[in-house]
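Hi,

Here is the structure I promised to pass on to you. Have a look at it first, and then read my notes below.

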Amino acid sequence: MTVLHNDTFLRALLKQPVDYTPIWMMRQAGRYLSEYKATRVRAGSFLELCKNTELATEVTIQPLDRFALDAAILFSDILTVPDAMGLGLYFAEGEGPKFTRPVQSEADVAALAVPDMDKLRYVFDAVASIRRALNGRVPLIGFSGSPFTLACYMVEGGGSKEFRTIKSMLYARPDLLHRILEINAAAVTAYLNEQIAAGAQAVQIFDSWGGVLSDAAFEEFSLRYLTQIINGLQREAEGQRVPVIVFVKGGGLWLEKMSTCGADALGLDWTCNIGAARQRVGAQVALQGNFDPMALFGTPDAIEAEVARILAAYGSGSGHVFNLGHGINQFTNPEHAKVLVDAVHRLSRPYHP
Ligand code: CP3
C-alpha cells in the first residue's frame with residue numbers, strides 16, 4: 001500500500017479541512033489533447049484503447065502531466081457494461097456510440113442478464129495498473145453509468161435527442177424498463193465493487209440523461225436505482241472511506257431528493273448557482289462542479305473571472321470539488337484548461353483559512 005501524497009480531493013468530498021479547493025475535469029483524458037490522439041492511433045480505435053491496459057494507463061496519466069489536477073479518473077467508458085451484456089458496442093466515425101443489438105422487444109428484455117464480471121476484467125486490470133503508475137500521486141476515481149443512462153443507450157441503440165424509444169417503453173411498458181433497470185443496477189453494483197477491490201479510491205456514477213425525465217419519472221426510473229446501487233457498494237477500502245459522487249446532468253431541481261440517496265457528493269452542471277445549492281443540501285453532501293465547459297473558449301481573464309465567481313458563490317470551508325459542469329469539449333485549447341486549474345488553486349486559498 002503506497003502513501004497518498006495528495007488527498008485534497010478525498011478530504012473535500014468528506015468535508016474535512018483542506019488548504020485549497022481541489023479540481024479535476026470530466027473527460028480530462030481525451031481528444032482535446034494531442035498526446036491522447038497519438039496514443040489512440042497506436043491503439044487502433046477507442047475501444048482497443050480501453051482494452052489495452054498499458055495504453056489506458058498512459059492516457060489516464062497524460063492530463064496529470066500537463067495540469068496540477070487533484071484526481072485521476074480511470075480511462076474507460078460507461079458503455080463497457082452493456083457491451084459485456086452482449087449488445088455489440090461500436091463507434092461509428094463522427095456519430096458516437098452505437099449498439100448492433102439494442103434492447104427493444106419483450107424477448108430482448110427477457111434475454112438480458114447481469115454480465116459475468118470476467119468479461120470486464122480489462123477494466124479492473126486498468127484500475128490496478130493505473131494505481132501502480134500513480135504511485136500515490138493523486139487518488140484514482142472509478143466510474144459507471146447510472147442504470148437509466150445505460151438504458152437510454154441500450155434501448156435507443158445509440159445517442160438520442162428526443163429519447164422517443166425509451167420514453168415510449170417507460171410510458172407504455174414500464175414493467176419492461178423496470179426489468180432492464182433492475183439488471184443494470186445489479187451489474188453496476190458488481191462492476192463498481194470490482195473497481196473498488198482493484199484500487200479505485202472514489203467512484204462517480206454518471207446519470208447523463210436523468211435530466212430528460214419528468215420529476216416523478218426521475219424518482220421512479222433513476223433515483224430509486226441509484227439508491228439501490230449505493231446501498232450495495234463497498235464503502236471502505238485500504239482503511240479509507242470510498243466516497244461516492246452522483247452526477248445527474250439537468251438534476252439541479254432535484255437536489256433535495258438526490259441528497260438522500262446515500263452519495264457523499266452531488267455533481268452539478270452549470271445551470272445552478274453552487275452557493276444556492278450549498279444552502280439547499282450542503283449539510284447533507286459535498287458538491288462538485290460547476291464551470292460551464294464552454295467557458296474555456298473565453299479569454300484567460302474571463303476564465304479566471306468565472307472561477308472567482310464560482311468560488312465566491314460556494315464560499316468558505318471544505319465540501320467543494322471544483323469541476324466542469326459536463327465533459328470538456330474536444331476543441332478546447334489545453335492552455336485554457338491549465339489557466340482554469342491554476343486559477344482554482346490560487347484563487348481558492350483565501351476560502352480555506
Ligand atoms: O473523464 C475521463 O477522462 C474518463 C473517461 C471517460 C470517457 N467516457 C472516455 C471517452 C468517461 C468518464 C466517459 C463517460 C461517458 N461515456 C459518459 C458519461 C459522461 C458524459 O459525458 O455524460 C457517456 C454518456 C459516455 C458515452 C460515450 N462515449 C459517448 C457519448 C461518446 C462519444 C463522445 C464524443 O465526443 O464523440 C463516447 C466516446 C468516448 N468516451 C471518448 C472518450 C475519450 C471519445 C472517443 C474517441 O477517442 O474518439
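Let me start at the ligand, where a polar side-chain atom of D77 lies 2.7 Å from a nitrogen atom of the ligand. I call this a polar contact, a pair of N or O atoms within 3.5 Å. R40 also brings a polar side-chain atom to the ligand, 2.6 Å from an oxygen atom, while A29 uses a backbone N or O atom, 3.1 Å from a ligand oxygen. On its own the ligand exposes 890 Å², and the protein buries 87% of that (accessible areas come from the Shrake-Rupley method with a 1.4 Å probe). In total, 22 residues surround the ligand, and R31, Y36, R40, S208 and H326 are the closest; a residue counts if one of its heavy atoms lies within 4 Å.

Before going on, please note that this is a predicted model: local features need pLDDT of at least 70 and side-chain atom pairs pLDDT 80 or more, while totals for chains, interfaces and linings use all residues. Residues are numbered from 1 along each chain as its sequence is written, and side-chain values use heavy atoms, without hydrogens and water.

Next, the helices (DSSP runs of H or I, at least four residues, numbered from the N terminus). Helix 9 (residues 164-172) packs against helix 10 (residues 174-198) at about 115°, with axes 5 Å apart; the axes are lines fitted to C-alpha atoms over the stretch in contact, and angles between N-to-C directions run from 0 to 180 degrees. That makes the pair roughly perpendicular, a label for 65 to 115 degrees.

Two backbone details remain. The peptide bond from G289 to N290 is cis, with omega near -15°. K15 has a positive phi of about 60°, although it is not a glycine.

Best wishes

Key: Helices (H or I, at least four residues) and strands (E, at least two) are DSSP runs, numbered from the N terminus. Angles under 35 degrees count as roughly parallel, over 145 as roughly antiparallel, 65 to 115 as roughly perpendicular and the rest as oblique. A polar contact is a pair of N or O atoms within 3.5 Å; within protein, one must be able to donate a hydrogen and the other to accept it, and residues adjacent in sequence count only if both atoms are side-chain atoms.
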